[in-house]
Amino acid sequence: DKKVLASSAKDLSPAYDWFQTDSLITIVIYTKQKDMNADLVIVDCQDKQLRGEIIMDDHSYLIEVDLDHAVSEDVAVNIAEKVGKVEIILNKKDKVHWKMLGQPCEGHNTFIKRTDRGLFYRKCKLISKTEVTYDTKLFCLMLPKGTHLRVPTGQHVYLKHIIAGTEVVKPYTPVLPFLPLDFQEPPCHDGVHIYLMIKIYSDGLFTQALDHLQIGDYISVSNPEGNFKKSQVQTSEDLLLLAGGTGFTPMVKLLNFALTEVSCLRTVKLIFFNKTEHDILWRNQLEQLALKDERFEVQFVLSQPSKDWVGKQGKISLSLLSEFVKRTRRDSKVLICICGPVPFTEQGVQYLKDLGYSQEEIHAFTA
Ligand code: FAD
Ligand code: NAD
């Protein structure tokens, strides 16, 4: 019995092979998993270092070698989704015959728990910084040429920077460059740029350093992380998004994904909590979207409104949620996502439970 177990565990682990022509090196990874997709494959090729990571549920398979010879910067990644085959194609710099793929690095050809695999960072160039509000900016970063990485909906990355001689790491959730109004078009994933909407705190350690970066400077960006699963939204009919301040960031891709790709979706309601009107991120875009798409509705709630604010006021509360969080039908499949300051999220989840929503119907975005 032991033998059978051992061999079946081995059979589950991906395997790789490589071959060459005069000008190309092709590495083939057989994941043995039927539903592979580009979100699950992360490739970095810089100088002679090649790193390819495949995410398979809570496991990670890694290829990491110090290549035998130099390759050019352009790397192609082909994924045969249904058969679970991933091809990484490198261009040889010189037309020489390679005796081996390269020297394996620590962790090469291992299949381990994702949480046991350290985060990998690559340096990205700051392309632009645009004002969103008086204290929040949209940063556009460019991945290096040899990197293939897509940040899945609901996941975040870590930025790493050395501040006063110390490495500092903070999580941020990539957004889209804007909210697409025409949902007929596929979302703008060019695979090269990462957009981050970041609030700059006047006494913030990391955000002050970020704000001081110049266009053309570099910052390290990690692989994506997070426990949100797209499948949670795929079957929902009513989607409710509760956001506090920059807790809006995970809602951007989520909103776009739901409105473009979830066929059973009937309504999406965003309840957006901010201090003042000046703090509302992408207010105009959200209002435009609500006009354009009848499934979408947005409600702004201010905790420190000015005298002339005629909208909703206050912080997250049981009465506010009981007014706004409702199923469109008695048996609607509902998903409620919540993100914001820790006390906001914690109180929100408690109120939702008090209102009778189950654990499975609530997703809280946390670190
Ligand atoms: P800090 O130096 O840590 O302090 C920032 C401000 O908060 C200061 O005013 C400080 O006084 C105050 N502060 C610090 N700690 C606390 C505390 N425990 N309670 C109350 N106040 C406190 N931010 C974004 O802008 N955009 C994003 O997309 C984004 N995504 C995130 C994703 C995840 C998963 C998580 C956990 C956080 C995310 N954040 C995001 C927040 C971000 O990681 C940083 O916390 C934030 O940028 C502040 O960093 P800082 O070093 O500048 O501030
Ligand atoms: P903020 O201070 O401007 O507050 C926005 C709103 O949140 C307030 O108007 C209020 O309605 C509510 N709020 C704030 N503090 C509260 C409290 N103690 N109790 C109840 N409600 C409260 O928010 P900000 O400066 O934009 O901060 C956003 C927060 O969201 C940060 O803490 C950030 O770490 C977090 N965030 C988390 C993730 C994630 O976990 N994935 C992603 C993005 C942002």
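Tutor: Among the 25 residues around ligand 2, those that come nearest are Gly244, Gly245, Phe273, Pro343 and Phe365; a residue is near a molecule if its C-beta atom, placed from the backbone, lies within 6 Å of it. The model is a predicted one, in which local features need pLDDT of at least 70 and side-chain atom pairs count only at pLDDT 80 or more, while totals for chains, interfaces and linings use all residues. Residues are numbered from 1 along each chain as its sequence is written, and chains are lettered from A and ligands numbered from 1 in the order in which they are written.

The shell around ligand 2 divides into nine nonpolar, twelve polar and four charged residues. Here Ala, Val, Leu, Ile, Met, Phe, Trp, Tyr, Cys and Pro count as nonpolar, Asp, Glu, Lys and Arg as charged, and the others, Gly among them, as polar. Helix 4, strand 19 and helix 7 (342-354) each supply at least two residues of this shell, and helix 7 gives the most, with three. Helices (H or I, at least four residues) and strands (E, at least two) are DSSP runs, numbered from the N terminus. Domain 2 (121-222) and domain 3 (231-364) each contribute at least three residues to the shell around ligand 2; the domain bounds come from an automatic or database domain assignment.

Buried denotes 20 or more other C-beta atoms within 10 Å of the residue's own, exposed 12 or fewer, and partly exposed anything in between, with C-beta atoms placed from the backbone. In a regular strand the side chains alternate between the two faces of the sheet. In strand 18, Gly244 points one way together with Asp238, Leu240 and Leu242, and Leu239, Leu241 and Ala243 point the other way.

Strand 18 pairs in the parallel sense with strand 19 (residues 267-274) over seven bridges, where pairing requires at least two DSSP bridges between the strands. In this pairing, leucine 240 stands opposite lysine 269. Strand 18 also runs parallel to strand 22 (residues 334-339), to which six bridges join it; there leucine 242 stands opposite isoleucine 338.

Finally, strand 18, helix 4 (residues 249-261) and strand 19 make a right-handed β-α-β unit. Right-handed means that, with the strands pointing away from the viewer, the path from the first strand over the helix to the second runs clockwise. Two members of this unit, helix 4 and strand 19, each supply at least two residues of the shell around ligand 2.
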